[in-house]
Amino acid sequence: IVTETFVRLYNEGLIYRGKRLVNWDPKLHTAVSDLEVVQEEEDGFMWHINYPFADGPIGELTGLTVATTRPETMLGDVAVMVHPEDERYAHLIGKSVRLPLCDRNIPIIADDYVDREFGTGVVKVTPAHDFNDYAVGQRHKLPIISIPLCHTPYFIIKFKQIRKTASIIDRCHLVQMAYNIKPSDDQYWEE
């Protein structure tokens, strides 16, 4: 009866199969309903990371600097975005930058979601991590790269001393250690 019901609901267009962003409980290793999640604001540290242009410098610019509080999600980045009316970056829309850590080229896109006054005005897009980024990814038909960073065997084996419920800063240090990244004194990651 269960299979029959799911098939009927699917055929009627009431359910579908697809990738969706969910709330994940790292302790129980399961999805959690939106109704069960209490969102809390946290003070975070702002990291500035240089994403070099894929085809080399453009004028005097070597790349775009992204300001983020979540550098540990970089492996899932699929684009960087700027506001379409931001004159500082208008000439760069449609070009590509190289994602630090894995040398994957990602596009520079324009989207109204960007707050031109916050950080550098350049935002990384990680659809598998953030609900707002997921919406941007859907609008721009971007891929979703799921990277369960702290639960991969590589990280668990290499960094057993760090709890699975590591803080954001601990996870940043995991990424730094795994990829031999050393932020400079001013906390900028550059090549």
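Let me start with a term: buried means under 20% relative accessible area, exposed means over 50%, and partly exposed is in between, with a 1.4 Å probe and protein chains only. What we have here is a predicted model, where local features need pLDDT of at least 70, side-chain atom pairs count only at pLDDT 80 or more, and totals for chains, interfaces and linings use all residues. Residues are numbered from 1 along each chain as its sequence is written, and side-chain values use heavy atoms, with hydrogens and water left out.

Asp86 comes first. Its relative accessible area is 5%, so Asp86 is buried. Where is Asp86 found? In the loop between strand E5 (79-82) and strand E6 (96-99). Helices (H or I, at least four residues) and strands (E, at least two) are DSSP runs, numbered from the N terminus. The Asp86 side chain makes a polar contact with the side chain of Arg88, at 2.6 Å. A polar contact is a pair of N or O atoms within 3.5 Å; within protein, one must be able to donate a hydrogen and the other to accept it, and residues adjacent in sequence count only if both atoms are side-chain atoms.

Now the core. A nonpolar core is a set of buried Ala, Val, Leu, Ile, Met, Phe, Trp, Tyr and Cys residues joined through side-chain atoms within 4.5 Å. The largest one has 16 residues, and Tyr51, Leu64, Val80, Val97, Ile108 and Val122 touch the most other members. Two or more residues come from each of strand E3 (47-52), strand E4 (63-68), E5, E6 and E7. E3 gives the largest share, three residues.

Take Ile108. Leaving aside neighbours within four places in sequence, Ile108 is in contact with residues including Phe53, Leu64, Val80 and Val97. Contact means heavy atoms within 4.5 Å. Apart from this core lies another, of eight residues, among them Met81, Val114, Val125 and Leu142.

On to helix H2, residues 131-139. Which of its residues are buried? Asp133, Tyr134, Val136 and Gly137. They cover an arc of only 160° around the axis, so they sit on the same side of H2. That arc is taken from the directions from the helix axis to the C-beta atoms. As a reminder, an α-helix has 3.6 residues a turn, so residues three or four places apart point the same way. The cover over the buried residues of H2 includes E5, strand E7 (104-110) and strand E8 (122-125).

Look at the ends of the helix too. Asp130 caps the N-terminal end of H2, with a side-chain oxygen 2.8 Å from the backbone nitrogen of Asn132. After H2 comes Lys141, with a positive phi near 55°.

Last, charges. How many salt bridges does the structure hold? Five. A salt bridge is a side-chain nitrogen of Lys or Arg within 4 Å of a carboxyl oxygen of Asp or Glu.

One is Asp77 with Lys124, closest N and O atoms 2.9 Å apart. Asp77 lies in the loop between E4 and E5 and Lys124 in strand E8, so the pair ties together parts 47 residues apart in sequence. Asp77 is buried at 0% relative accessibility, and Lys124 is buried at 6%.

Another joins the side chains of Asp111 and Arg139, 2.9 Å from N to O. Asp111 is in the loop between E7 and E8 and Arg139 in helix H2, 28 residues apart. Asp111 is buried, at 7% relative accessible area.

Then there is Arg8 with Glu12, whose closest N and O atoms are 3.7 Å apart. Arg8 is partly exposed at 44%, and Glu12 is partly exposed at 47%.
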